[in-house]
Amino acid sequence: MVAIDGVDVATWKIDPAPGGASFLRFVDLPGLPPGEGTYARLTITAHADPPSRTTPSIAIRQFDIQSADTLMYGFGDGWHEAEYETATGLRWRWTSDKSVLQVAPAQAVELAFRGESPLKYFDHAPTVRITAGGQMVGELHPERDFTWHVTVPGAAVQRAGGAISIEVDRLYLPGPAEGTTDPRKLGLRLFETTVVPVVPPGRP
């Protein structure tokens, strides 16, 4: 439950899953009533349903608040948790077979990816597709470390409700491959993923 100055503004349910469940939510705030002081107090709480059960731990890993016309994006379904290497400071995030970037408001955007060569894990390059609203807007067969820019038209983003998918047709299974208990299904190892708005021609 999310509340501002004690007034509930959003509520949703999460079904616990082995190893932890993840969620991504965008909450529209059409306007806030005047409160006391310069700032409003935002509160996030959770409880088990039914309340007689123990409430599981919940962590907030991403948080942002912007004006309604400012582009925001987040890592939705299909993404694995961000990782980093302490010694070098290197950071990355793995996709699965289908990973969703959720953008709001829905508009034309340019995606930029910097990733590792999949041939470190496969004997031939996978097919990577970017889709939105039933339309394929980009395709890549990476055979080495890569940087990839893809423009997603506004109409496609709007049809998709802001959900842009990265789809990979080959998966690396670290558990069987490395003899561990790692259950993940890994697609691309991405060191950078950014989303920026496409500025219409003639607009400063």
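Which residue stands opposite tryptophan 148 in β11?

View 1. Phenylalanine 113 stands opposite tryptophan 148 in β11, and strand β8 (residues 109-115) pairs with β11 in the antiparallel sense over seven bridges. Strands are DSSP runs of E with at least two residues, helices are runs of H or I with at least four, both numbered from the N terminus, and two strands pair if DSSP finds at least two bridges between them.

**View 2. The aromatic pair of tryptophan 94 and tyrosine 121.** A search of the whole structure finds six aromatic pairs, where rings of Phe, Tyr and Trp (its six-membered ring) pair if their centres lie within 6.5 Å, with planes under 30 degrees apart counted as stacked, over 60 as edge-to-face and the rest as tilted. Tryptophan 94 and tyrosine 121 are edge-to-face, 5.4 Å centre to centre with 70 degrees between the planes. Because tryptophan 94 lies in strand β6 and tyrosine 121 in the loop between β8 and β9, the pair ties together parts that are 27 residues apart in sequence.

**View 3. The aromatic pair of tyrosine 121 and tyrosine 172.** This pair is tilted, at 4.9 Å centre to centre and 50 degrees between the planes. Tyrosine 121 is partly exposed, with a relative accessible area of 23%, whereas tyrosine 172 is buried, at 15% (buried is under 20%, exposed over 50%, partly exposed in between; 1.4 Å probe, protein chains only).

Residues are numbered from 1 along each chain as its sequence is written. In this predicted model, local features need pLDDT of at least 70 and side-chain atom pairs count only at pLDDT 80 or more, while totals for chains, interfaces and linings use all residues, and side-chain values use heavy atoms, leaving out hydrogens and water.
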